Amino acid sequence: MKTVVPFRFFLSILVVLLLPHSYSCTFTITNNCPYTIWPGTLAGAGTPQLPTTGFELGSGVSVRIPSTPGWSGRIWARTGCTFDQTGLGVCQTGDCGGRLECSGAGATPPASLFEITMGKGDDKDFYDVSIVDGYNLPLIATPQTDIGGCNATGCVYDLNLGCPKELQVVQRLNEAGVIGCKSACEAFGLDQYCCAGEFANPNTCRPSVYSTIFKRACPRAYSYAFDDGTSTFTCKAIEYNITFCPTQIGVGRQDDGVNSEPIRDNSYGEVVAVVPSSSNNLAFPKSVILLLILTFF
């Protein structure tokens, strides 16, 4: 006698097989700057560190890092780093204790931050780009979903170009150029700028002249501690594309062809794509165009 397996059984098996894929999420970090950066990652309390907490990322290169359901933390990029063979060194901006792998250390301000708390199960993710701790690089974070409908956020404007002199971090060794823009809290240490003491609530800590400069340039980014209303976004994404220097054109070598460098297989990622380094072929994401329109119009 032939046994008939109910359709409901097959449906249950299908749901079980799909669940791990539905609730896992990946961060794809891209360096669109015309120079090397050193991304860092830091997990929030109660969640494990990502498979890597710091690495070198060449111009025009991307890397994919898997996360776990419910992960929370932040991702940023360091600049001007030098490390020895043991991974010890120093960075001009965003340093995390003088190590290639940050290993639980956060970014030294000023640093532009991508922050996220990922939902478990059907719960949504909460994410933002913050310049509350100052700014060192433009970045944009773009969620990828199966059905769309999630907002890109970030700061595509180069705040170093218009940083007030009293907030500027200037390149060492007497070289010209602003490499970072401090927050007013970092620069002056006053409660009114740090939202501390009697200013530790949204009623008394209001936007300052400095946070207003940041907000006008980057209206979707956090500009001070209580800047929640226009700066926090929700989504249920399967991937977040985090691009540093998103509007930079002409990274990599300049010639008539497409010079491509694969994303290397390693302990924290896999070969996922080939990123063209020719200025004529480097993709300019539509999300960046949309964010520029929202910023300046």
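The model is predicted: local features need pLDDT of at least 70, side-chain atom pairs count only at pLDDT 80 or more, and totals for chains, interfaces and linings use all residues. Residues are numbered from 1 along each chain as its sequence is written, and side-chain values use heavy atoms, with hydrogens and water left out.

The sulfur atoms of Cys 195 and Cys 205 lie 1.9 Å apart and form a disulfide (a pair of cysteine sulfur atoms within 2.5 Å). The link is left-handed, with -65° about the S-S bond.

**Other cysteines**

By this rule the count comes to 8 disulfides. Another of them joins Cys 81 and Cys 91, with sulfur atoms 2.0 Å apart; this link is right-handed, at 110° about the S-S bond. Both Cys 81 and Cys 91 are buried.

Cys 25 is buried at 3% relative accessible area. Its sulfur is 8.5 Å from the closest cysteine sulfur, in Cys 235, which is too far for a bond.

**Sheet**

An open sheet of mixed pairing is formed by 5 strands in the order 3-1-14-9-10 (strands are DSSP runs of E, at least two residues, numbered from the N terminus; two strands pair if DSSP finds at least two bridges between them). Strand 3 (62-66) and strand 10 (153-155) are the edge strands, each pairing on one side only.

Strand 9 (residues 139-144) pairs with strand 14 (residues 239-244) in the antiparallel sense over 6 bridges. Leu 139 has Phe 244 in strand 14 as its bridge partner.

Methods. Helices (H or I, at least four residues) and strands (E, at least two) are DSSP runs, numbered from the N terminus. Buried means under 20% relative accessible area, exposed over 50%, partly exposed in between (1.4 Å probe, protein chains only).
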